[in-house]
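Here are my notes on this one, as numbered points. Have the viewer open while you go through them.

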Amino acid sequence: MSGVGRVLVAVYAVLALAATGRSFLQIATKYDEAPLAYTLSALAAVVYIVATIALIRQGRVWYRVAWATLAFEFTGVLVVGVLSVLDPELFPHDTVWSWFGRGYVFIPLVLPALGMWWLAKHRPDASAATSGDLTRTDAA
């Protein structure tokens with residue numbers, strides 16, 4: 001993996017650490033104040049961890065896991081983003097995905113789109129499926 005792929009994995013890893021730490025602290029110290037928001041932050045953390053692993057690992061299965069994870073993340077950012085704008089009372093405390101990731105400089109909104117673009121450009125090699133080697137091609 002090189003170029004944009006490395007940057008993508010690094011940003012996902014940092015986001016995974018940040019979201020995990022934030023959600024752990026929120027759930028451990030003030031869960032009763034905003035259970036939905038803090039649960040969503042924990043879900044985002046799990047999504048970022050799985051996405052990081054799936055982007056690093058090779059093969060068709062991990063490629064599909066990466067696609068599913070990034071699509072889920074993008075949907076979550078859009079849904080939670082819209083809901084947090086339309087009904088701010090629903091999220092009295094921010095989640096990672098509130099206001100489209102405003103608390104994380106909108107990285108949660110941009111990152112899955114970039115990740116899906118990268119995955120589309122780096123499909124597992126079709127000839128690898130017949131040879132038994134299920135690695136992803138890394139031309140970039």
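1. Helix α3 passes α4 in a left-handed crossing (left-handed if the near helix is turned anticlockwise from the far one by less than a right angle). Bear in mind that this is a predicted model, where local features need pLDDT of at least 70, side-chain atom pairs count only at pLDDT 80 or more, and totals for chains, interfaces and linings use all residues. Residues are numbered from 1 along each chain as its sequence is written, and side-chain values use heavy atoms, with hydrogens and water left out.

2. How do the two helices sit? The axes of α3 (residues 60-86) and α4 (residues 107-121) come within 9 Å and cross at roughly 150°, so the pair is roughly antiparallel (over 145 degrees). Axes here are lines fitted to C-alpha atoms over the stretch in contact, with angles from 0 to 180 degrees between N-to-C directions.

3. On the α3 side, the contact (heavy atoms within 4.5 Å) includes Tyr 63, Trp 67, Leu 70 and Phe 74, and α4 brings Leu 111, Met 116 and Leu 119, among others. The residues of this contact divide into 16 nonpolar, one polar and one charged (Ala, Val, Leu, Ile, Met, Phe, Trp, Tyr, Cys and Pro count as nonpolar, Asp, Glu, Lys and Arg as charged, and the others, Gly among them, as polar).

4. Now look at Thr 52 in helix α2 (residues 35-56). Thr 52 is buried, at 10% relative accessible area (buried means under 20%, with a 1.4 Å probe, protein chains only). A polar atom of its side chain lies 3.4 Å from the backbone oxygen of Tyr 12.

Methods: Helices (H or I, at least four residues) and strands (E, at least two) are DSSP runs, numbered from the N terminus. Angles under 35 degrees count as roughly parallel, over 145 as roughly antiparallel, 65 to 115 as roughly perpendicular and the rest as oblique. Buried means under 20% relative accessible area, exposed over 50%, partly exposed in between (1.4 Å probe, protein chains only). A polar contact is a pair of N or O atoms within 3.5 Å; within protein, one must be able to donate a hydrogen and the other to accept it, and residues adjacent in sequence count only if both atoms are side-chain atoms.
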